[in-house]
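My notes follow in the order I checked them.

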Amino acid sequence: MENLREALEKLKLASTDSPTDRTETSLDCLLTALAQNNTEASRKMQEMGVLPLLPTLLSPQSSCTPKVANIIAEMAKNEFMRNPCVEAGLIPPLVQLLSSTDQEVLLQTGRALGNICYDSRK
């Protein structure tokens, strides 16, 4: 979990400027943490304030976009993460990505939106 903390700190710094290799590395670390223990990693990411950083990384022109959408999809597998994803303003940038021609962006965006909306009564 220490790697996760370090990756989150780098991501906070990276979200203030344009995405870099450091951003890609941080996103890879988050995906690895989610793959190892999705519930714990999601909780930790929420506690450390990662959700509000993600909308700025969901740019149609960014190479990071598929990874960011994948992270959102993985986090939203947990019911307790769905409302925080909505509250963080992730839906509008995800919906905008549905007009992308990049198949990986479309796949991960569809997964993210589907997981956020799954079993929702709103």
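I count a polar contact as a pair of N or O atoms within 3.5 Å, where one must be able to donate a hydrogen and the other to accept it. The model is predicted, so I kept to side-chain atom pairs at pLDDT 80 or more.

**Entry: serine 42.** I found serine 42 in helix α3. Its side chain makes a polar contact of 3.0 Å with the side chain of asparagine 78. Is serine 42 buried or exposed? Its relative accessibility is 0%, so I logged serine 42 as buried. I then listed what serine 42 touches, leaving out residues up to four places away in sequence. The list reads Leu34, Met75, Asn78, Phe80 and Met81.

**Entry: α3 against α6.** I took α3 as residues 38-47 and α6 as residues 79-87. Their axes come within 10 Å and cross at roughly 30°. Angles under 35 degrees count as roughly parallel, and I therefore recorded α3 and α6 as roughly parallel to each other. The crossing of α3 past α6 is left-handed. Which residues meet here? From α3 I noted Thr39, Ser42, Arg43 and Gln46; from α6, Phe80, Met81 and Pro84. By class, this contact has three nonpolar residues, three polar and one charged.

**Entry: cysteine 117.** I located cysteine 117 in helix α8, residues 103-117. Its relative accessible area is 47%, so I logged cysteine 117 as partly exposed. I also checked cysteine 117 against alanine 76. They are 41 residues apart in sequence, and their C-alpha atoms are 8.8 Å apart in space.

Conventions
Residues are numbered from 1 along each chain as its sequence is written. This is a predicted model: local features need pLDDT of at least 70, side-chain atom pairs count only at pLDDT 80 or more; totals for chains, interfaces and linings use all residues. Side-chain values use heavy atoms; hydrogens and water are left out. Axes are lines fitted to C-alpha atoms, for helices over the stretch in contact, and angles run from 0 to 180 degrees between N-to-C directions. Helices (H or I, at least four residues) and strands (E, at least two) are DSSP runs, numbered from the N terminus. Angles under 35 degrees count as roughly parallel, over 145 as roughly antiparallel, 65 to 115 as roughly perpendicular and the rest as oblique. A crossing is left-handed if the near helix is turned anticlockwise from the far one by less than a right angle, and right-handed if clockwise. Contact means heavy atoms within 4.5 Å. Ala, Val, Leu, Ile, Met, Phe, Trp, Tyr, Cys and Pro count as nonpolar, Asp, Glu, Lys and Arg as charged, and the others, Gly among them, as polar. Buried means under 20% relative accessible area, exposed over 50%, partly exposed in between (1.4 Å probe, protein chains only).
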